[in-house]
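Here are my comments on the model you sent. They are meant to be read with the coordinates open.

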Amino acid sequence: MRSQALIFLGAPGAGKGTQAREVSKHFSIPQISTGDMLREALRNQTPLGLAAKAKMDAGELVPDEVVCGIVGERIVQPDCERGFILDGFPRTLAQAECLESMLQAQGKGCPLVFDIKVDQDLLMKRLTGRRTCSVCGEIYNIYFNPPKVEGVCDKDGGKLVQRADDREETIRQRLLAYEKQTSPLTGYYRRKGLLQEVDGNREPASIANELIDFLGKA
Ligand SMILES: [Zn+2]
């Protein structure tokens, strides 16, 4: 694989976390999450970490330039030399532009962006079908991975519940919010020819094989 920044986009339920993990494992490249980076910057009390903390303590969003600065500090680490996966970044156009100038400054090429597309119906089934055991936390899906007895955990007989997050109305809103937030980004990367659409309506293993194969040749 060419040393490169990889970005995975995909709606909630599209499986981008799973795919990012598989690619990270296969190529032994770090998967960097903005959340982890923020926590690390806070732990190390870097100036950017402190700036982020001040905003969060005030109940505000961490501004783009702070998030970018933290990403910038992380991706110059030696373990990123052979490439890395960004998780949860960029979220805005400003962050995408900032990422590009950082990569350029480091003599690295443009990022490669995978957009994992899943049909709306399937996404809804994946998300609204989730049931969680109230005893052990085991997760089932009434469409794809049902328990042997409806409403009951296979392992301990615990009652299966639908979390508030997984209710249809909440899910619709989350999907709409994702679409609204991400469409400028996908548009931006598509225009630059950096966007690879991935058919996410398939078994996770077959998607992972395709991505690994593609990156191996890239
Ligand atoms: Zn259980």
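1. Please read every value below as computed from predicted coordinates.

2. Strand β1. This strand covers residues 5-10, and six of its six residues are buried. The rest of the structure therefore largely encloses β1. Ala5, Ile7 and Leu9 point one way from the strand. Leu6, Phe8 and Gly10 point the other way. Both sets are buried.

3. Neighbours of β1. Strand β3 (residues 84-87) pairs with β1 in the parallel sense, over three bridges. In that pairing, Leu6 has Ile85 of β3 as its bridge partner. Strand β4 (residues 112-117) also runs parallel to β1, and five bridges join the two. Here Ile7 has Val113 of β4 as its bridge partner.

4. The three-stranded sheet. A separate point concerns β5, β6 and β7. They form an open sheet in the order β6-β5-β7, with antiparallel pairing. β6 and β7 are the edge strands, each pairing on one side only. Between β5 and β6 there are three bridges, in the antiparallel sense. Arg131 stands opposite Tyr140 of β6.

5. Cys136 sits in the loop between β5 (130-133) and β6, while Cys153 sits in the loop between β6 and β7. The pair therefore ties together parts that are 17 residues apart in sequence.

6. Cys153 counts as buried, because its relative accessibility is 3%.7. How many disulfides does a search of the whole structure find? It finds zero. Cys110 is in no disulfide, and its nearest cysteine sulfur, that of Cys98, is 14 Å away. Cys110 counts as partly exposed because its relative accessibility is 40%. Cys68 is buried, since its relative accessible area is 4%.

7. Nonpolar surface patch. Ile142, Tyr143 and Phe144 make a nonpolar surface patch of about 300 Å². Ile142 lies in the loop between β6 (139-141) and β7 (160-161). With a relative accessible area of 39%, Ile142 is partly exposed.

8. Gln77. This residue lies in the loop between α4 (64-74) and β3. Gln77 is partly exposed, at 37% relative accessible area. Gln77 and Gln181 are 104 residues apart along the chain, and their C-alpha atoms are separated by 29 Å.

Methods: Residues are numbered from 1 along each chain as its sequence is written. This is a predicted model: local features need pLDDT of at least 70, side-chain atom pairs count only at pLDDT 80 or more; totals for chains, interfaces and linings use all residues. Side-chain values use heavy atoms; hydrogens and water are left out. A disulfide is a pair of cysteine sulfur atoms within 2.5 Å. Buried means under 20% relative accessible area, exposed over 50%, partly exposed in between (1.4 Å probe, protein chains only). Patches are made of residues with over 30% relative accessible area and no salt bridge: like charges are joined within 9 Å, nonpolar side chains (Val, Leu, Ile, Met, Phe, Trp, Tyr) within 5 Å. Accessible areas come from the Shrake-Rupley method with a 1.4 Å probe; for residues, only the protein chains shown count as cover. A salt bridge is a side-chain nitrogen of Lys or Arg within 4 Å of a carboxyl oxygen of Asp or Glu. Helices (H or I, at least four residues) and strands (E, at least two) are DSSP runs, numbered from the N terminus. Two strands pair if DSSP finds at least two bridges between them.
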